[in-house]
Amino acid sequence: MPIIEVTELHKRYGDTVAVEDVSFTVEEGEIFGILGPNGAGKTTTVECIEGLRSPDAGAISVLGLDPRRDRAELRQRLGAQLQESSLPDKLTVAEALDLHASFYRRPADWNALLDSLHLADKRRARYRDLSGGQKQRLSIALALVGGPAVAVLDELTTGLDPQARRDTWDLIAQIRDSGVTIILVTHFMDEAQRLCDRLALVDAGRIAALDTPAGLIARAQQRQYVHFRASAPVEDAALTAQPEVDEVRRSGAQITVIGTGNLLYAVASVLARERIVAEELRVEQATLDDAFLALTGRRLQQ
């Protein structure tokens with residue numbers, strides 16, 4: 001049986017429909033991603049799952065519990081890292097974890113959490129003195145201090161530098177490997193593609209598609225990208241005249257040709273005819289961004 005079941009979920013704020021007819025299941029032990037642009041209804045959906053908001057219609061079951069009827073019990077078994085959260089500036093890391101641990105019947109060993117999240121040396125540090133990455137790791141620790149079976153992580157890496165993001169990704173994988181089922185809410189394509197076992201693409205309050213990252217990418221008509229720098233000027237028209245070429249993009253001296261079929265051969269033929277050498281040539285296959293475009297008609301803005 002799925003550990004989470006969401007069936008025909010609806011939520012409206014006045015005249016604005018935030019979530020409309022959303023249905024999905026989450027299996028035990030997986031990282032389930034909810035991917036979409038800001039305002040797509042991602043956070044509203046998970047807040048209904050957490051019991052923080054009441055849906056207007058539909059049914060939700062988490063660990064066999066109804067988030068509305070069984071809210072108190074669910075909070076003992078579900079941990080949440082909210083999209084926006086903060087702590088008092090003078091509160092230390094140890095004080096925050098000790099306080100949150102007191103809310104649970106069977107809390108985890110928060111000293112062990114500090115070790116696993118590389119915060120042991122910050123136990124006496126005040127919240128205001130933590131870096132952005134350290135605050136995010138602390139928010140993960142607070143989500144896990146109750147020893148939950150399910151953790152909801154909402155826009156966890158927004159605002160972090162590239163190294164802090166990669167470190168956080170490693171932590172998420174470790175959390176799943178420890179036996180915690182994870183719902184990951186994000187608008188970052190690379191994050192979703194790297195971490196998630198399955199993904200729900202959400203757009204305008206609806207699920208546009210639900211599949212594995214590889215399955216979603218396969219729906220993007222196998223678009224390819226050929227990147228290179230040309231040794232001499234080449235006109236876009238010479239490239240777009242090829243039936244395999246859909247689009248040409250330029251960024252400084254970098255040229256990216258997007259298309260399908262035997263795209264590399266088509267590009268190479270044009271360059272050979274023009275006696276142009278392709279420098280720093282590389283080829284990329286379709287991405288989640290392509291899948292989102294193919295399924296919704298627009299790109300997901302990062």
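At 1% relative accessibility, Cys-48 falls under the 20% cut-off and therefore counts as buried in this predicted model. Cys-196 is likewise buried, with a relative accessible area of 7%. Across the structure as a whole, zero disulfides are found.

Cys-48 belongs to helix H1, in which Lys-42, Thr-43, Thr-44, Thr-45, Val-46, Glu-47, Ile-49 and Glu-50 are buried as well. Because nine of the nine residues of this helix, which runs over residues 42-50, are buried, H1 is largely enclosed by the rest of the structure. The buried set includes residues that carry a charge in the count used here, among them Lys-42, Glu-47 and Glu-50. After H1 comes Gly-51, a residue whose phi is positive, with a value near 85 degrees.

The secondary structure of the chain comprises eleven helices and 13 strands, and the C-alpha trace spans about 75 × 45 × 35 Å along its principal axes. When contacts between residues at least 6 apart in sequence are considered, 67% of them join residues at least 24 apart.

Definitions and conventions: Residues numbered from 1 in each chain as written. Predicted model: local features only at pLDDT ≥ 70, side-chain atom pairs only at ≥ 80, totals over all residues. Heavy atoms only, no water. Helix = DSSP H or I, 4+ residues; strand = E, 2+ residues; numbered from the N terminus. Contact = heavy atoms within 4.5 Å. Buried < 20%, exposed > 50% of the residue type's maximum accessible area, 1.4 Å probe, protein only. Disulfide = S-S within 2.5 Å.
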